[in-house]
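Q: Can you walk me through this model? I have a few quick questions.
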Amino acid sequence: MTVIKHLLPFRIRFDFRKKLTRHQFDVMIFSFNYVYPKINLTKSSNFHGCILISVSSEVLNADEFLQWFNNYFQQVEAFGPARPPTKVDLLVLNTKKFSAQAMLVLAFLGWILPVMPGTPFFLIAWALGWRPKGSKH
């Protein structure tokens with residue numbers, strides 16, 4: 001359920017009953033801008049609400065927007081395109097790949113050198129995401 005928290009002629013603040021994720025909020029902004037291109041929608045209250053601001057000198061109808069938000073939250077959740085990975089996500093992925101490769105090298109060295117067993121390194125490489133080609137896991 002959406003409630004009106006603050007109402008001015010050219011600005012309305014709404015609060016939502018649940019906190020939205022950044023992706024859910026971006027999809028909602030896209031849907032809203034498709035229907036109302038002359039009204040800016042921005043986040044407020046750490047994704048627990050939003051603020052509508054009229055770009056033109058048009059007075060905002062609070063009941064119309066309240067109805068739009070209630071309809072939006074009652075429908076099935078929309079899925080937009082997946083966000084590209086962040087630099088941190090890419091760093092973690094590359095580190096896992098490098099670590100798995102390093103563990104495989106150590107495991108093969110463990111086969112050659114009797115001092116260093118290969119099994120722990122294979123298990124660590126497996127935990128880091130390495131799978132043999134043709135594996136279904």
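A: We can go through charged pairs, helix packing and the surface.

Q: What should I know before reading it?
A: This is a predicted model, where local features need pLDDT of at least 70, side-chain atom pairs count only at pLDDT 80 or more, and totals for chains, interfaces and linings use all residues. Residues are numbered from 1 along each chain as its sequence is written, and side-chain values use heavy atoms, with hydrogens and water left out.

Q: OK. How many salt bridges does the structure hold?
A: One, taking a salt bridge as a side-chain nitrogen of Lys or Arg within 4 Å of a carboxyl oxygen of Asp or Glu.

Q: Which residues form the salt bridge?
A: Lys5 and Asp15, with their closest N and O atoms 3.6 Å apart. The pair links distant parts of the chain, 10 residues apart: Lys5 is in strand 1 (residues 2–8) and Asp15 in strand 2 (residues 11–16). Strands are DSSP runs of E, at least two residues, and helices are runs of H or I, at least four, numbered from the N terminus.

Q: Is Asp15 buried or exposed?
A: Asp15 counts as buried because its relative accessibility is 16%; buried means under 20% relative accessible area, exposed over 50%, partly exposed in between (1.4 Å probe, protein chains only).

Q: Switching to helices. What is the angle between helix 1 and helix 2?
A: Helix 1 (residues 22–35) and helix 2 (residues 62–74) pack at about 130 degrees, with axes 12 Å apart.

Q: And where does Trp111 lie?
A: Trp111 is in helix 3 (residues 87–112). Trp111 is exposed, at a relative accessible area of 62%.

How values were computed: Axes fitted to C-alpha atoms, helices over the stretch in contact; angles between N-to-C directions.
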